[in-house]
Amino acid sequence: MQTPTITGSAQPTLARGVRLQTDSKTGNSVLLFPEGVLELNETAQEIVNRCDGRTLVEIVCELAKEYEADSNALIADVRDTLSDLQQRKLIEFK
């Protein structure tokens, strides 16, 4: 089954029952959900922090500006991260 392409106007948000939190032991960002915990790397954390109703394009533009990176290069990585989180049912799209 092929994953649908995430459009630039898609608005990712955390799925119901999922929380972004800092692990008290490690200090790393984690997604807490009813079935467990997913530790996020720094890149995924920066993406998930922006999953609050902003569009994919807005998220990519903000990351490109903050990290002085090419937005065209970033969009594929952001889409891949969001797609993975969507497949795990940790984010949803409006």
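These are questions and answers about a predicted model, on how its labels follow from its values.

Me: Why is Cys51 called buried?
Reply: Buried means under 20% relative accessible area. Cys51 has 7% relative accessibility, so the label applies.

Me: What makes Cys61 partly exposed?
Reply: Buried stops at under 20% and exposed starts at over 50%, with partly exposed in between. Cys61 has 43% relative accessibility, and therefore counts as partly exposed.

Me: Which residues touch the most other members of the largest nonpolar core?
Reply: They are Leu31, Val78, Leu82 and Leu85, in a core of 22 residues. At least two residues of this core come from each of α1 (42–49), α2 (56–67) and α3 (71–87). The largest share, five residues, is supplied by α2. Setting aside neighbours within four places in sequence, Val78 is in contact with Ile47, Leu56, Ile59, Val60 and Leu63.

Me: Why is α2 called oblique to α3?
Reply: The two helices pack at an angle of about 125°. Roughly perpendicular covers 65 to 115 degrees and roughly antiparallel begins over 145, so an angle between those ranges is oblique. That is why α2 is oblique to α3. Their axes are 9 Å apart.

Me: Which residues make the contact between α2 and α3?
Reply: From α2 they are Leu56, Ile59, Val60, Leu63 and Ala64. From α3 they are Ser71, Leu74, Ile75, Val78, Arg79 and Leu82. The crossing of α2 past α3 is right-handed.

Me: What makes Glu68 exposed?
Reply: Exposed means over 50% relative accessible area. Glu68 has 75% relative accessibility, so Glu68 counts as exposed. Glu68 lies in the loop between α2 and α3. Although not a glycine, Glu68 has a positive phi of about 50°.

Me: How do you know that Lys89 is exposed?
Reply: The cut-off is again over 50%. At 66% relative accessibility, Lys89 therefore counts as exposed. Lys89 is in the loop between α3 and β5 (91–93). Lys89 is not a glycine, but has a positive phi of about 65°.

How values were computed. Residues numbered from 1 in each chain as written. Predicted model: local features only at pLDDT ≥ 70, side-chain atom pairs only at ≥ 80, totals over all residues. Heavy atoms only, no water. Buried < 20%, exposed > 50% of the residue type's maximum accessible area, 1.4 Å probe, protein only. Core = buried A, V, L, I, M, F, W, Y, C linked by side-chain atoms within 4.5 Å. Helix = DSSP H or I, 4+ residues; strand = E, 2+ residues; numbered from the N terminus. Contact = heavy atoms within 4.5 Å. Axes fitted to C-alpha atoms, helices over the stretch in contact; angles between N-to-C directions. Parallel < 35°, antiparallel > 145°, perpendicular 65-115°, else oblique. Left-handed = near helix turned anticlockwise from the far one by under 90°.
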